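This report describes selected features of one protein and its ligand. Please consult the sequence and the structure as you read.

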Amino acid sequence: MAYLQKLTGAQPLKLRDFDPEFDAGLDKETGEEKLKKLSAELTRQQELLYAAGTHSLLLVLQGRDTSGKDGTIKTVMGPLNSLGCQVASFKVPTAEELAHDFLWRIHQQTPGKGEITIFNRSHYEDVLVVRVHKLVADKVWRARYDHINAFEKLLADAGTIILKFYLHISKDEQEQRLLEREQDATKYWKLSAGDWKERTYWNDYTRAYEDALNRCSTPHAPWFVVPANKKWFRNLAVAETIVSALRPYEKQWREKLEVIGQREKAAIEEFKHSKVTQK
Ligand code: ADP
């Protein structure tokens, strides 16, 4: 069963129509059991993706502060083989990055064939934080939706499977998580006065996210709104969405492996034969 709706841009959305508490009627224990199975399946899928080398997988994670980007990466991607999997985190751009177009630093981090890359924040910051804090002129960020769509189309045409996740928490849940960090000495390192400040822009971010989701959801690079108040459901929903999106590729990846295997077997036979005739 699909837990998340695939947004393809056909219907404009409002975030208030998505319940951050949604859990598909499951309890935590059942959810964690299901996640275990999905993790095993994802690990097998990664092996196929890696070995076939025909596609890459790009996962984009966006969300407000405390929405759980790090936790999702740790839980959902943790079991994957790090050989073909990496995380790219995008922070405030450096002077060198700012001297280039906004996609310059992003393109360098996209996955090669057989690889998985998770974007922890992404090019969407350039129509989110940049818009909310007016870091560039209006017409500059407004033009970026088209640039993003063209860029993602280019990646998709080159064999990149793109899945984009917005981790959706409520304002109350964020407050609770920020307060928890202040109570827990092991979480002090996560404290940031900036998080409280960003929270005052909550409605501006809502508008910016809605525009990004509405303008940049395409069949080849869909967005998914992930109910993220319950961490276990957030993890389950993201894992399920990735596994389901990869299933249709498995057959062609297996066929590709068969072709590679047969080719190498024939090469070995030929080599052995040539050694015998040389004797
Ligand atoms: P995180 O919050 O992701 O764990 P940080 O605390 O280092 O990591 O925050 C990264 C910061 O970089 C965020 O505030 C984010 O909005 C900012 N950032 C990312 N990309 C851009 C960008 N293109 N322009 C301005 N700020 C950006």
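## A buried arginine

Arg-144 is buried, with a relative accessible area of 10%; a residue counts as buried when this value is under 20%. The model in which this value was computed is a predicted one. Arg-144 belongs to helix H7. Its side chain reaches the backbone oxygen of Asp-126, at 3.0 Å.

Helix H7 comprises residues 144-157, that is, 14 residues. From its first C-alpha to its last, H7 reaches 20 Å, close to the 20 Å expected at 1.5 Å a residue.

Which residues of H7 are buried? They are Arg-144, Tyr-145, Ile-148, Phe-151, Glu-152, Leu-155 and Ala-156. Because these residues cover an arc of only 135° around the axis, they lie on the same side of H7. An α-helix has 3.6 residues a turn, so residues three or four places apart point the same way. On the other side of H7, two residues, Asp-146 and Asp-157, are exposed.

## The surroundings of the ligand

Asp-126, whose backbone oxygen is reached by the side chain of Arg-144, is also one of the residues around the ligand. Sorted by class, the shell has six nonpolar residues, five charged residues and no polar ones.

For Asp-126, a nitrogen atom of the ligand is 3.1 Å from an N or O atom in the side chain. The backbone also takes part: a polar backbone atom of Val-92 is 3.1 Å from an oxygen atom of the ligand. Taken alone, the ligand exposes 570 Å², and the protein buries 71% of that area.

## A loop residue

Is Thr-218 buried or exposed? Thr-218 is buried, because its relative accessible area is 13% and the limit for a buried residue is under 20%. This residue lies in the loop between helix H10 (202-215) and strand E5 (223-227). Thr-218 and Lys-153 are 65 residues apart in sequence, while their C-alpha atoms are 9.0 Å apart in space.

Terms used:
Residues numbered from 1 in each chain as written. Predicted model: local features only at pLDDT ≥ 70, side-chain atom pairs only at ≥ 80, totals over all residues. Heavy atoms only, no water. Near = heavy atom within 4 Å. Polar contact = N/O pair within 3.5 Å; in protein donor to acceptor, adjacent residues only side chain to side chain. Areas by Shrake-Rupley, 256 points an atom, 1.4 Å probe, with all protein chains shown as cover. Nonpolar A, V, L, I, M, F, W, Y, C, P; charged D, E, K, R; others polar. Helix = DSSP H or I, 4+ residues; strand = E, 2+ residues; numbered from the N terminus. Expected span 1.5 Å × (residues − 1). Buried < 20%, exposed > 50% of the residue type's maximum accessible area, 1.4 Å probe, protein only. Arc of directions from axis to C-beta.
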